[in-house]
Amino acid sequence: MHLTANGHPLDLSPERYGELEPMNHLLGDPAGLREAMAERGHLFFRTLLDPETVLAARHEILLKYAVLGEIDDRYPIDEAIAGDGAGVASANLRAFSESVRSGARYRAVTDAPEVMDVHRGLLDGEVRSFDMRWPRFVRPGEGCGFHCDGPYMNRGTSRIFSSWIPLGRIERSEGALIVLEHSHRSDRLHNGYLRADADRDGLTWLDDDPVNVQNDYGRRWLTADFQPGDALFFGMHTLHGALDNLSATRRCRLSSDSRYQRVDEPADPRWTGEHFEGHGGSRVFYPGLGSWQNEDFQDEWKDVDEHGRLRLRPATGASRNDDT
Ligand SMILES: O=C(O)CCC(=O)C(=O)O
């Protein structure tokens with residue numbers, strides 16, 4: 001097996017890499033959930049959600065991506081085989097992004113009773129999900145840099161947990177999430193990076209090389225082959241990223257990440273409220289490189305004009321030619 005993150009190979013030796021361990025025996029035991037989260041920095045559950053609920057959300061979202069040409073419709077849409085994305089440059093991406101994240105079937109996943117119950121247990125009180133949700137359509141060749149969620153979410157309370165939920169089967173070679181064991185206790189993270197505010201301090205990914213990251217902040221990278229219904233929960237201090245999507249059949253990875261806090265604690269205005277701010281400016285959440293040669297497309301957030309259309313910047317090759 002060969003796995004990469006941001007193009008860098010993972011060290012798959014047993015002391016550097018392992019399997020997420022399901023914690024289903026703790027369901028219904030709030031104190032046990034809190035203790036295990038404090039100890040591990042993450043909690044993984046097999047078939048926490050009804051797989052049919054998850055697959056209904058998958059279908060709802062993939063239909064929308066198919067409209068943009070992001071899915072090759074010579075294959076069944078639910079297979080999510082990458083298309084040419086021909087409709088992306090002319091679409092209203094602001095409307096698209098809102099349409100995906102506000103879909104009723106998608107919301108039935110992020111706010112599923114089983115998911116809310118775990119967060120209620122972890123936070124020992126009534127909880128809410130953030131108004132922003134992060135559905136991710138990850139094309140072949142794409143992944144995600146290493147980071148902790150804290151600096152991106154910390155303007156209200158710091159007592160927040162994230163849920164990463166595969167919307168369909170995601171094998172590790174198709175871009176599964178990876179969490180770094182023991183990273184939530186790293187003094188180095190707590191004394192520096194975790195004190196930052198991502199927007200105010202202009203944070204970028206902490207690193208893109210999985211071996212450097214584990215040398216500096218933790219032990220083994222943990223992951224799994226995910227099935228519909230599985231869910232991974234983690235805290236704001238847990239270092240994580242994603243494996244690259246190396247699908248041989250050009251299958252895109254569809255997953256969701258969402259955040260939860262107690263209803264009686266202050267919320268981060270970037271992500272909650274009727275018109276939450278996001279990362280400000282005129283940017284919308286539309287992760288990934290795509291195939292349309294925009295040099296600014298590594299970022300998860302894309303600049304759009306007043307009609308929600310992408311502001312395309314010339315690809316590096318083109319600007320180099322212009323310079324000469
Ligand atoms: O799914 C991904 O690629 C990244 C998700 C993530 O960073 C998160 O859940 O915080």
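Select Gly7 and Asp244 to begin: the backbone nitrogen of Gly7 sits 2.7 Å from a polar side-chain atom of Asp244. Keep in mind that this is a predicted model.

Stay on Asp244. Show the loop between E12 and E13, where Asp244 is found. Is Asp244 buried or exposed? Asp244 is buried, yet has no salt bridge.

Select the ligand and the residues around it. There are 13 in this shell, and Arg253 is among the closest, together with His147, Trp164, His240 and Arg259. By class, the shell holds five nonpolar, three polar and five charged residues.

Colour the strands next. Which strands each supply at least two residues of the shell? They are E7 (144-147), E12 (240-242) and E13 (253-262). E13 gives the most, with four residues.

- Trp164: a polar side-chain atom lies 2.8 Å from an oxygen of the ligand.
- Asp257: here the distance from a polar side-chain atom to a ligand oxygen is 3.4 Å.

Finish with a surface view. How much of the ligand's exposed area does the protein bury? Taken alone, the ligand exposes 290 Å², and the protein buries 98% of that.

Terms used. Residues are numbered from 1 along each chain as its sequence is written. This is a predicted model: local features need pLDDT of at least 70, side-chain atom pairs count only at pLDDT 80 or more; totals for chains, interfaces and linings use all residues. Side-chain values use heavy atoms; hydrogens and water are left out. A residue is near a molecule or strand if one of its heavy atoms lies within 4 Å of it. A polar contact is a pair of N or O atoms within 3.5 Å; within protein, one must be able to donate a hydrogen and the other to accept it, and residues adjacent in sequence count only if both atoms are side-chain atoms. Accessible areas come from the Shrake-Rupley method with a 1.4 Å probe; for residues, only the protein chains shown count as cover. Ala, Val, Leu, Ile, Met, Phe, Trp, Tyr, Cys and Pro count as nonpolar, Asp, Glu, Lys and Arg as charged, and the others, Gly among them, as polar. Buried means under 20% relative accessible area, exposed over 50%, partly exposed in between (1.4 Å probe, protein chains only). Lys and Arg count as positive and Asp and Glu as negative; His and the chain ends are not counted. A salt bridge is a side-chain nitrogen of Lys or Arg within 4 Å of a carboxyl oxygen of Asp or Glu.
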